[in-house]
Amino acid sequence: MRETDTRTGAGTGTGHAVVIGGGIAGLAAAHRLLATAPTSRVTVLEASDRLGGKLHAGEIAGVGVDLGAESMLARRPEAVALAREVGLDGRLQPPATATASIWTRGALRPMPKGHVMGVPGDASALSGVLSEEGLRRIERDRELPPTEVGDDVAVGEYVAARLGREVVDRLVEPLLGGVYAGDAYRISMRSAVPQLFEAARTHASLTEGVRDIQARAARNQQTGPVFMGIDGGIGQLPLAVADSVRARGARILTGTPVTGLHRTGERWRVVTDSGVHEADAVVLALPAPAAARLLAAESPAAAAELRTVEYASMALITLAYRRAGADLPEGSGFLVPPVDGHTIKASTFASRKWGWIDRQDPDLLVLRTSVGRYGDTAVLEKDDADLVDISRHDLRAATGLSATPVASRVTRWDDGLPQYPVGHHARVARVRAHVAALPGLAVCGAAYDGVGIPACVASANAAVDQLAGDLTGVEELTRNPVQSLHGGGGE
């Protein structure tokens with residue numbers, strides 16, 4: 001659908017706001033605009049023919065599944081609140097099982113408890129996953145002098161120095177890799193695991209800091225599921241948000257790439273192939289490279305910063321089996337440390353994890369694997385059939401599953417996950433400072449404050465509030481990025 005809007009308005013409260021990008025961040029921004037300024041007109045422009053970005057509902061063998069993100073962190077309020085506001089309250093579901101494993105040292109072993117993103121409060125928490133030598137190395141943490149972390153430090157570098165590389169390679173790496181498809185030895189601790197960064201700043205011993213985090217969590221007595229899904233798939237969330245904003249008068253135009261963004265007087269000209277949209281306010285909810293292209297003319301400094309954001313690509317391989325011939329271990333799936341040399345990095349037993357999938361066809365067993373990490377693109381150059389064969393090979397080695405799937409589907413997410421290297425927080429602050437110099441413009445999305453769904457929604461809310469002169473949300477995200485956790489066995 002293509003359309004041109006050249007009408008004018010008077011200010012962001014009663015005028016025209018254009019959101020560029022129809023992923024969950026852009027749709028959440030449109031929702032926020034209509035909630036905070038209901039008299040304004042809102043247009044969402046999406047380049048592709050599909051809304052939702054990395055949230056994508058699909059099907060295999062006649063069963064509905066997620067072909068992108070499959071769950072959202074429920075211990076943060078933003079994503080679950082948005083789902084409820086757009087009418088999905090009755091369809092929110094926790095995982096049917098959250099008991100995951102880790103495929104390490106030749107066997108599936110229970111995922112340890114009592115750790116923060118793989119970092120334990122004491123060595124016994126990782127017993128069975130680490131070697132005896134690795135467990136003894138953790139105990140040395142209390143004897144080491146404090147390690148200065150400065151303004152930021154890589155998660156893997158710091159944890160390895162305190163507890164040994166085995167902790168990083170066997171547990172931190174697969175957990176962080178499942179979130180970012182990245183390299184733990186490059187990923188920013190301040191941006192990706194802010195709890196650990198604060199503990200590293202305030203405690204001489206890392207294990208002591210982790211125990212303090214755990215004690216505070218126990219005092220807060222957080223209850224309820226850590227993660228939440230949606231009956232029909234997380235891919236239903238952007239569709240429901242889109243329906244909600246349309247019902248309140250917003251227009252959503254797909255197949256409408258934006259080719260130019262220019263400041264003219266007190267307004268913005270948003271240029272598309274089909275015409276120009278005049279806007280009082282613009283929210284850029286795009287991946288960093290696309291945002292950089294649009295900002296090149298009006299904010300070369302912001303564009304230059306955004307061009308430095310690197311991305312990792314990955315692929316999801318969804319497989320459907322007849323349950324009668326497919327025996328799997330108990331639990332929701334497993335993670336895979338790259339140090340063992342396997343190709344897949346995780347597998348989710350989707351029919352076990354999500355009751356809504358199981359109920360659609362109790363005779364069918366759906367599972368999925370993921371491949372691809374930052375800097376490792378060779379596997380993604382293989383064709384779909386090869387990726388299916390590789391997944392089946394690793395699944396057979398890990399679980400004994402030798403049955404032939406009745407259907408398979410490969411979903412590729414090229415440049416799907418932004419990387420958060422050391423200094424990411426400072427780069428984001430510089431981008432926002434440059435953008436703030438341009439009235440009526442804000443940015444949001446996974447490239448800034450966290451890659452999970454709550455982070456994208458929080459980023460969108462903060463961007464809209466910033467347009468109205470309220471910097472509370474931006475300042476809070478600057479202080480406390482939204483940590484993205486791994487949802488157990490799977491992506």
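1. The open sheet. Seven strands form an open sheet in the order β8-β7-β18-β19-β20-β17-β21, and the pairing is mixed. Strands, like helices, are DSSP runs numbered from the N terminus; a strand is a run of E of at least two residues, and a helice is a run of H or I of at least four. Two strands pair if DSSP finds at least two bridges between them. The structure is a predicted model, in which local features need pLDDT of at least 70 and side-chain atom pairs count only at pLDDT 80 or more, while totals for chains, interfaces and linings use all residues. Residues are numbered from 1 along each chain as its sequence is written, and side-chain values use heavy atoms, with hydrogens and water left out.

2. Angles run from 0 to 180 degrees between N-to-C directions, and axes are lines fitted to C-alpha atoms, for helices over the stretch in contact.

3. The partner of β21. Strand β17 (residues 311-322) pairs with β21 in the antiparallel sense, over nine bridges. Opposite Arg412 in β21 stands Ala315.

4. The helix across the sheet. Helix α6 (residues 165-180) lies across β7 (100-104), β17, β18 (333-335) and β21. The helix runs at about 115° to β7. Contact means heavy atoms within 4.5 Å.

5. Strand β11. Buried means under 20% relative accessible area, exposed over 50%, and partly exposed in between, with a 1.4 Å probe and protein chains only. Strand β5 (residues 72-73) runs antiparallel to β11 and is joined to it by two bridges, with Met72 and Met228 as bridge partners. Strand β6 (residues 92-93) is also antiparallel to β11, again with two bridges; here Leu92 has Ile230 as its partner.

6. The cysteines. How many disulfides does a search of the whole structure find? The search finds zero, a disulfide being a pair of cysteine sulfur atoms within 2.5 Å. The sulfur of Cys444 has its closest cysteine sulfur in Cys456, 8.1 Å away, which is too far for a bond. Cys444 is buried at a relative accessible area of 0%, and Cys456 is buried at 7%.
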